[in-house]
Amino acid sequence: MTGTRGFLVRRLMTLLLLSAAVTAALFTAYYGISRNTHAVRDESAPAILQVAAAEVALDDSYDGAERSLTGDTGDIEGLGEDYRTTLSTANQALTQALKSTTAGTSARQSLLTVTGLVSSYGDLIQQAYVNRDNAALRDAYLGYAETMLRGGDGSAARVRPGDSDILARLAKVQGKQLRLLDQQTSFGWLLTLAWWVLVPAAYVAAAVLLVRTQRFLRHRFRRRFNPALLVATGLLLLAVPTLAVFSYQTQDRLSQARTSLRQPNIGNAPDTINKRVSTKMAETHWRTGAVAWIPMGGVLLAALVLVGLQPRIDEYRFRAR
């Protein structure tokens, strides 16, 4: 094997390895960002919003019941439309939360417990209504209901660690779901390493080597351009920056979704928040689909390198020594 032919063989092997490295690094980095977009839209957002809606509805249900029972129209209106509507809304939200919770088996068990406690809470409110003419007994049942709902002497106690009231249990479930959301939408150190070190290193090395190979072939074989290597260089120079921009845009949408789902009082307008998150995630749909093209692009890049160099290697084999 002549020195030139040996050089070309080594250059071919190096370019093929770099093509594989660029493809692997890019696929890992791009998939790491795009893989959670569907999970955020279809799983985390609905689960978080259902629990938030249940919290708000239950909190409002007690206020509605208290107004009805301590007001002047309790005998006429009963427990009132506000109480019945909010309690029904809470039960519906809990049913959906049980189906969609992203916090695992323990969260599902907590939600089942909460569902049972809500039924008992409703019974206490009903007993308060039955005894509405006896202020002391009525207020006692209302107090029991509030303790079951809010813990302690009201809402101030609901977030104390270890509390077993309804709203505290829901807060714990929500905390787990929000932590998972943070993981799904976080850039993280692994993605930082991939996008700021691995992808640029492989990309620059492959691009520089392709350009240098093109120059070597022009000098050695007196041909101005090698079409296959020229296309390979263009493919590399175009694809990686484009996918980097797509990744930035996808990560930006994920961050916006996290911000929306971490707003206070999201349970007051769950449908609006869900629509906002769905819209943001829908904008990433075609970008996330690009992950499937990365392996095919890597194969094409390697094929172009092979097509560009193998004929030159074969051609040099038969040159006079």
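Biologist: What should I know before we start?
Modeller: Residues are numbered from 1 along each chain as its sequence is written, and side-chain values use heavy atoms, leaving out hydrogens and water. Since you asked about the ground rules, local features need pLDDT of at least 70, side-chain atom pairs count only at pLDDT 80 or more, and totals for chains, interfaces and linings use all residues, as this is a predicted model.

Biologist: How are helix 5 and helix 7 oriented to each other?
Modeller: Helices here are DSSP runs (H or I, at least four residues), numbered from the N terminus. The axes of helix 5 (residues 104-130) and helix 7 (residues 166-185) come within 10 Å and cross at roughly 160°; axes are lines fitted to C-alpha atoms over the stretch in contact, with angles from 0 to 180 degrees between N-to-C directions. Angles over 145 degrees count as roughly antiparallel. So helix 5 and helix 7 are roughly antiparallel.

Biologist: Is valine 40 buried or exposed?
Modeller: Valine 40 sits in helix 2 (residues 37-70). Buried means under 20% relative accessible area, exposed over 50%, with partly exposed in between (1.4 Å probe, protein chains only). At 0% relative accessibility, valine 40 therefore counts as buried.

Biologist: Which residue's backbone oxygen does the side chain of serine 61 reach?
Modeller: Serine 61 is in helix 2 too, and at 0% relative accessibility it counts as buried. Its side chain comes to 2.6 Å from the backbone oxygen of leucine 58.

Definitions and conventions:
Helix = DSSP H or I, 4+ residues; strand = E, 2+ residues; numbered from the N terminus. Parallel < 35°, antiparallel > 145°, perpendicular 65-115°, else oblique. Polar contact = N/O pair within 3.5 Å; in protein donor to acceptor, adjacent residues only side chain to side chain.
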